[in-house]
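The following briefing is intended to be read alongside the sequence and the coordinates.

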Amino acid sequence: MGQVTWWRGGIIYQVYPRSLMDSNNDGVGDLQGIISKLDYIASLNVDAIWISPFFKSPMKDFGYDISDYRAIDPMFGSMEDFDELIAKAHKLNIKIIIDQVLSHTSDQHAWFEESRQSRDNTKADWYVWADPKDDGSAPNNWLAIFGGCAWEWEPRRQQYYLHNFLKSQPDLNFHCDELRQAVLDNVEFWLKKGVDGFRLDAITFCYHDEQLRDNPAKPKDQRQGRGFSEDNPYAYQYHYYNNTRPQTVGFIEDLRALINRYPGAVTLGEVSSEDSLATMAEYTQGDDRLHMAYSFELLTDDFSPAYIRRTVEELEASIGDGWPCWAIGNHDVQRVASRWGKGISDPNLVKMLNAMLFSLRGSICSYQGEELGLEEATIEYEQLQDPFGIAFWPMFKGRDGCRTPMPWSNNSINAGFSDNKPWLPVPQSHINKAVDIQEQDNQSTLNSFRHFLAWRKNHSVLINGDIEFIDSDAAVLAFVRQEGASKMLSLFNFTDKPAQFVLHGKELGKVYEDHGLLSGTVSDGKVTLAPFASFYAQVN
């Protein structure tokens, strides 16, 4: 792949910096910790790292509340550490993608400190301010994802400000030209530092309806959680007016024009909307919008070959020349080994899920720990750090269970993550899956992950090819990837029992047995798949 298109079909490894590796033994991971594990990450055969926020922040939402976009939080290290990280990653041929949280800041950001003082200062219009109704109540019925009203009173201005997340995360006003340019200037600061791209957090939330119209109610049978639980009142509305506004596309085009001045740099948008697949398609159309986008559609509890097929086919039907990015786990959702495994402890399930994900058309995000098959950690209420979980306990236990420290060493204190008490506990079940144990086992989830990605690099049809799904038994996900004359049949048995796939006259060429996964056998016009098997063969 050329310099400018390295991201097409690329594997992006998400690092949650608080939890990867603690280099200074304060219980929290940091940039030097990431640097110390770059050789390990390179050994996974991934193409890039996406690093969750490490900017200056009061950490009310663990870095997604930024108080200075151009400074490293001392908890994570220094700008010199970041420069060293970029240099070493690039030596290892690993790209660095960083989070940009553009829709909102911390309430401790200098912009907001000024904006909240009066209605006539230089930053007065940089945030979303609105007068109260005549009875003093909030301007409209908009709700915050983290619970309750999306408006907070500011006595100095005698106005409310909008916050789509925590009240300490005020929303920026992208209808203001000066603010928009300031945001783009912050992005360019990191481009000049040599980053290879940006994961754009909550990109659908940049704009709001200037008329402040109420969101309509959503019928009970249509309430579904995508990044939030269905018992959250946020699910009770159609969010037509507080996000995914038409002006967002214009900002995305301005952002892309800036990015294009830095060849090879990419944008990955996080999409959450009433129709996330349609928004993914819209935001990635043509060569003047986002390079790629991902949504929460495979980060759900829904799990079946039919669901995955329906989701991918719906996007493929609308995305045109746009480009998807798929993920089945990240720092916001329950770990996939638990969410989709539902108590199954067979490591072959996670191996199959990883292979299935890596075989879809698009770029791929894989969250740290998925290469080990880590399951969701059980966190007691008194151990919780996540404000989302604290607010919605016990129905929703928050995101801490997927954010616990990486287990590096079976026999070291805190599994080798830190010599001090870690910010979240390391469960014993994770210690049993530590990197040093799995390194010694050729059949481990870790070595399967490495082996499969090395194998995938030798089959460009899995990186660049089109995708066409095939009807199959309910237990099996089946599709063909095609690039030119090259066709590869890919089959995945989602169950713990043998399953069959009828070839219906398809003639198979070479059956691949060197990908290191459980596979299947071909006879009498059928493929018999082992439990949790992943089967690959050329199609003549």
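The model under discussion is predicted.

- Asn-93 is placed in the loop between α4 and β5 (95-101). Its phi is near 65°, a positive value in a residue other than glycine.
- Ala-415 also has a positive phi in a residue other than glycine, with a value near 55°. This residue belongs to the loop between α12 and α13.
- A cis peptide bond, with omega near 0°, leads from Trp-393 to Pro-394. Pro-394 is found in the loop between α12 (387-392) and α13 (428-431).

**Nonpolar cores**

- In soluble globular proteins, nonpolar side chains tend to be buried together.
- In this model the largest nonpolar core has 135 residues. The residues with the most contacts inside that core are Tyr-40, Phe-54, Phe-82, Trp-190, Met-356 and Tyr-536.
- A second, separate core has 17 residues, including Ala-499, Leu-503, Val-527 and Val-539.
- Phe-82 is part of helix α4 (residues 79-91). Phe-82 has a relative accessible area of 0% and is therefore buried.
- When neighbours within four places in sequence are left aside, the contacts of Phe-82 are Leu-31, Phe-54, Ile-72, Ile-98, Trp-190, Lys-193 and Val-195.
- Pro-347 lies 265 residues from Phe-82 along the chain, and the C-alpha atoms of the two are separated by 35 Å.

**Strand β21 and its partners**

- Strand β21 (residues 534-539) is largely enclosed by the rest of the structure, because five of its six residues are buried.
- β21 is joined to strand β16 (residues 486-493) by five bridges, and the two run antiparallel. Within this pairing, Met-488 has Gln-538 of β21 as its bridge partner.
- Strand β18 (residues 508-512) also pairs with β21 in the antiparallel sense, over three bridges. Here Tyr-536 in β21 stands opposite Tyr-512.
- Tyr-536 is also one of the residues with the most contacts inside the largest nonpolar core.

**The β14–β15 hairpin**

- β14 and β15 form a hairpin, with six residues between the two strands. Strand β15 (residues 476-483) runs antiparallel to β14, and four bridges join them.
- Side chains alternate along strand β14 (residues 466-469).
- The bridge partner of Ile-467 in β15 is Arg-481.

**Cavities**

- The structure holds two cavities of 30 Å³ or more.
- The largest cavity has a volume of about 270 Å³. It is lined by 21 residues, of which Phe-165, Glu-270, Phe-296, Asp-332 and Arg-399 are the closest to its centre.
- By class, the lining of the largest cavity comprises nine nonpolar, five polar and seven charged residues.
- The second largest cavity has a volume of about 40 Å³. Its lining consists of Lys-351, Asn-354, Ala-355, Phe-358, Thr-445, Ser-448, Phe-449, Phe-452 and Leu-517.
- Helices α11 (347-359) and α15 (445-457) each supply at least two residues of the lining of the second largest cavity.
- This second lining divides into five nonpolar, three polar and one charged residues.

Note on methods: Residues are numbered from 1 along each chain as its sequence is written. This is a predicted model: local features need pLDDT of at least 70, side-chain atom pairs count only at pLDDT 80 or more; totals for chains, interfaces and linings use all residues. Side-chain values use heavy atoms; hydrogens and water are left out. A nonpolar core is a set of buried Ala, Val, Leu, Ile, Met, Phe, Trp, Tyr and Cys residues joined through side-chain atoms within 4.5 Å. Buried means under 20% relative accessible area, exposed over 50%, partly exposed in between (1.4 Å probe, protein chains only). On a 1 Å grid over the protein atoms alone, a cavity is a set of points where a 1.4 Å probe fits but cannot get out, and a pocket is an open set with protein on both sides within 12 Å along at least five of seven lines; lining residues have an atom within 4 Å of a point. Grid points are joined across faces, edges and corners, and a volume is the space filled by probe spheres set on the points. Ala, Val, Leu, Ile, Met, Phe, Trp, Tyr, Cys and Pro count as nonpolar, Asp, Glu, Lys and Arg as charged, and the others, Gly among them, as polar. Two strands pair if DSSP finds at least two bridges between them. Contact means heavy atoms within 4.5 Å.
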